Amino acid sequence: MTFWNQIKNLLGRSKQTMAVIGDETAHQSGGAAINQNNLVDLMHRLEQTMDNAYSCEEVFALLDEYVELVATDEEAKWLMPLVKNHLEMCPDCRNKFEILLHVLKTAD
């Protein structure tokens with residue numbers, strides 16, 4: 001994924017989040033508003049984005065392997081740093097990771 005595709009992906013998510021917040025604010029104040037917390041979050045994500053960062057699809061393809069590494073206390077963050085970086089920034093993928101990890105740990 002190129003740098004510009006990463007930016008588009010992050011901005012797309014930010015716009016979706018801001019649209020929902022804007023709709024809620026519009027009902028309260030009669031107009032759309034930009035939430036400063038979302039802008040700060042977006043800037044933080046841009047700052048933390050690694051070169052050659054994975055997309056959600058790429059992370060999902062590797063998620064089962066990553067979960068197994070984490071569950072067995074292996075150094076997943078060193079073996080798969082791009083997956084770790086993506087999970088730190090993507091709440092949707094992080095949620096899937098946490099669910100899979102919980103299922104794996106409780107299955108034993």
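Helices H3 and H5 are roughly perpendicular to each other (65 to 115 degrees). The model is predicted: local features need pLDDT of at least 70, side-chain atom pairs count only at pLDDT 80 or more, and totals for chains, interfaces and linings use all residues. Residues are numbered from 1 along each chain as its sequence is written, and side-chain values use heavy atoms, without hydrogens and water.

**H3 and H5 packing**
- The angle between H3 and H5 is about 115°, and their axes (lines fitted to C-alpha atoms over the stretch in contact, with angles from 0 to 180 degrees between N-to-C directions) lie 10 Å apart.
- From H3, Cys 56, Val 59, Leu 62, Leu 63 and Tyr 66 meet Val 83, Lys 84, His 86 and Leu 87 of H5.
- By class, the residues of this contact are seven nonpolar, one polar and one charged.

- Beyond its neighbours within four places in sequence, Leu 63 is in contact (heavy atoms within 4.5 Å) with Leu 87, Cys 93, Lys 96, Phe 97 and Leu 100.

**Asp 73**
- Asp 73 sits in the loop between H3 and helix H4 (76-79).
- Asp 73 is not a glycine, yet has a positive phi of about 60°.
- Asp 73 counts as exposed (over 50%) because its relative accessibility is 66%.

Notes:
Helix = DSSP H or I, 4+ residues; strand = E, 2+ residues; numbered from the N terminus. Parallel < 35°, antiparallel > 145°, perpendicular 65-115°, else oblique. Nonpolar A, V, L, I, M, F, W, Y, C, P; charged D, E, K, R; others polar. Buried < 20%, exposed > 50% of the residue type's maximum accessible area, 1.4 Å probe, protein only.
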